[in-house]
Amino acid sequence: MNNKNTLEFATQLDKEDQLSSYRNEFHIPRDEEGNELIYLCGNSLGLQPKRTKAYLDQELSDWARWGVEGHFHAKNPWMPYHEFLSEGYSKIVGAKKSEVVAMNSLTVNLHLMMVSFYRPHAKRHKIVIEADAFPSDIYAVNSQIIHHGYDPTNSLIKLKARAGETAIRAEDIAQIISEEGDEIALIMLGGVNYYTGQVFDFETITNLAHQKGILVGFDLAHAAGNIKLELHKWNVDFAVWCSYKYLNSGPGSVAGAFVHEKHHKSNLPRFAGWWGHNKENRFKMPDDFDPITSAEGWQLSNPPILSLAAIRASLSIFDEVGMDRLVEKSKKLSDYLIFLLQTIQTDKINIITPKEKGCQISIQVKNGNKKLFDNITKKGVIADWREPDVIRIAPVPLYNRFTDVYKFYKILESVL
Ligand SMILES: *Cc1c(COP(=O)(O)O)cnc(C)c1O
């Protein structure tokens with residue numbers, strides 16, 4: 001297809017878009033005059049589905065009507081409520097229902113997973129992570145290393161792009177695994193790097209790592225609901241994600257975790273809580289912890305139902321659309337954005353996102369500063385600025401249009 005940088009062409013793409021009606025399923029933020037903003041920030045906080053309110057209202061009214069009895073008598077009983085999300089989450093990450101669970105927040109889940117999957121000893125104590133990983137992930141792995149009595153200076157390997165490049169090369173990851181593999185306990189990467197938008201080759205990395213006896217986990221904060229995932233098939237050991245970015249489930253909403261089924265019956269150490277205990281006799285309140293033999297066995301607490309209700313609402317949209325159709329449109333949208341950006345002079349911007357990408361495109365503005373970004377914001381674009389000079393743009397296939405991308409491009413061009 002020959003793209004064109006005209007509004008007519010973008011409008012035509014919107015007309016041909018089979019998912020275009022889904023935009024109307026979302027509340028689009030507006031400026032003070034009531035005009036819709038160009039919202040390209042779904043990588044940070046996804047928009048609110050209109051149907052979310054009804055899902056929350058249901059639980060509020062059942063709480064009003066039933067009190068504690070709602071655990072059993074609510075229309076959607078709260079006792080097993082988290083199980084209502086298993087199918088939706090399993091489709092998002094490509095897992096069996098038993099391999100996923102909605103619980104806690106992302107960083108908490110990352111720690112809980114590392115309790116089980118980071119078991120360092122003198123000969124094998126290293127963790128591999130991207131050098132430009134999300135700070136919370138760096139804090140988490142550092143503190144785990146220290147918790148076990150090791151020193152991040154020796155025990156944390158940070159994957160870097162080569163000088164002059166922005167993406168991490170697959171062969172460089174392979175080389176580290178081959179050279180230092182015997183000392184590496186865990187590889188923990190952002191499946192989609194939050195800064196560059198680079199998508200890693202989950203399957204190859206996992207295979208190479210397993211050959212060396214290394215466990216592999218992924219942080220899917222920027223991957224869940226963005227790219228097609230097959231965690232079970234790829235044999236990934238564990239993964240964690242949040243639900244408020246591409247999964248549109250509301251600020252700080254409950255996160256998710258994946259534990260591959262091969263680990264469900266193992267006697268990996270874990271931090272335990274009553275909600276991870278065998279459901280048959282949980283309420284007999286036994287002293288001995290008997291974990292559920294699924295990802296649910298990693299739960300600690302009874303979950304916040306209002307937050308889970310928002311996730312259910314959102315997952316129902318993903319279920320209607322399906323990841324295949326979503327990814328198909330996502331690719332067209334982000335490819336169109338790249339096409340438009342490539343018409344801008346290369347001394348002004350540099351696209352740092354490699355071709356292995358989801359919907360996010362990271363644009364480095366040369367000689368640019370936060371002021372330039374503020375000007376874009378003033379013109380009605382909601383995007384995201386990362387110091388020192390990167391604008392992250394996420395055209396989200398569920399609610400963004402080709403014309404959003406086009407309008408952003410015109411605004412960017414005008415301020416450069
Ligand atoms: C958004 C994000 C987080 C946020 O962590 P919370 O525990 O949800 O606050 C962590 N890691 C990555 C990679 C992220 O993109």
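Before I start, one term: two strands pair if DSSP finds at least two bridges between them. I am also keeping in mind that this is a predicted model.

**Entry 1: the antiparallel sheet**

With that term in hand, I looked up Gln364 and found Val390 of β13 standing opposite. The strands here are β10, residues 361-365, and β13, residues 390-393, and they pair in the antiparallel sense over 4 bridges.

Next I wanted the whole sheet. Its 4 strands run in the order β9-β10-β13-β12, as an open sheet with antiparallel pairing.

**Entry 2: two backbone spots**

Where is Pro388? I found Pro388 in the loop between β12 and β13. The bond joining Glu387 and Pro388 is a cis peptide bond, with omega at about 0°.

The other spot I flagged is Asn104, whose phi is near 50°, a positive value in a residue other than glycine. Asn104 belongs to the loop between β2 (100-102) and α5 (106-117).

**Entry 3: the mixed sheet**

How many strands form it, and in what order? I read 7 strands in the order β2-β8-β7-β6-β5-β3-β4, an open sheet with mixed pairing. A reminder to myself: strands of a sheet pair through backbone hydrogen bonds, either parallel or antiparallel.

At the edges of this sheet I found β2 and β4 (156-159); each has a single partner strand, so one side of each is left without a neighbour in the sheet. Neighbouring strands are turned by 15° against each other on average, direction ignored.

I picked one pair to follow along. Strands β7 (residues 238-241) and β8 (residues 256-259) pair in the antiparallel sense over 4 bridges, and I located Val240 opposite Ala257 in β8.

Two helices went into my notes here. Helix α9 (residues 202-211) packs on the sheet, touching β5 and β6 (215-219), with its direction at about 155° to that of β6. Helix α8 (residues 170-180) lies across β3 (126-130), β4 and β5 (184-190), and runs at about 155° to β4.

**Entry 4: the ligand**

Which residues are around the ligand? My list reads Leu106, Thr107, Phe134, Asp137, Asp219, Ala221, His222, Tyr244 and Lys245. By type, I sorted this shell into 4 nonpolar, 2 polar and 3 charged residues.

For Lys245 the distance is 2.5 Å, for Thr107 it is 2.6 Å, and for His222 it is 3.0 Å. Taken alone the ligand exposes 390 Å², and the protein buries 84% of that.

**Entry 5: Glu16**

Last stop for today: Glu16, which I found in helix α1 (residues 7-16). What does the side chain of Glu16 contact? I found a polar contact with the side chain of Gln12, at 2.9 Å.

Conventions: Residues numbered from 1 in each chain as written. Predicted model: local features only at pLDDT ≥ 70, side-chain atom pairs only at ≥ 80, totals over all residues. Heavy atoms only, no water. Near = heavy atom within 4 Å. Polar contact = N/O pair within 3.5 Å; in protein donor to acceptor, adjacent residues only side chain to side chain. Areas by Shrake-Rupley, 256 points an atom, 1.4 Å probe, with all protein chains shown as cover. Nonpolar A, V, L, I, M, F, W, Y, C, P; charged D, E, K, R; others polar. Axes fitted to C-alpha atoms, helices over the stretch in contact; angles between N-to-C directions. Contact = heavy atoms within 4.5 Å.
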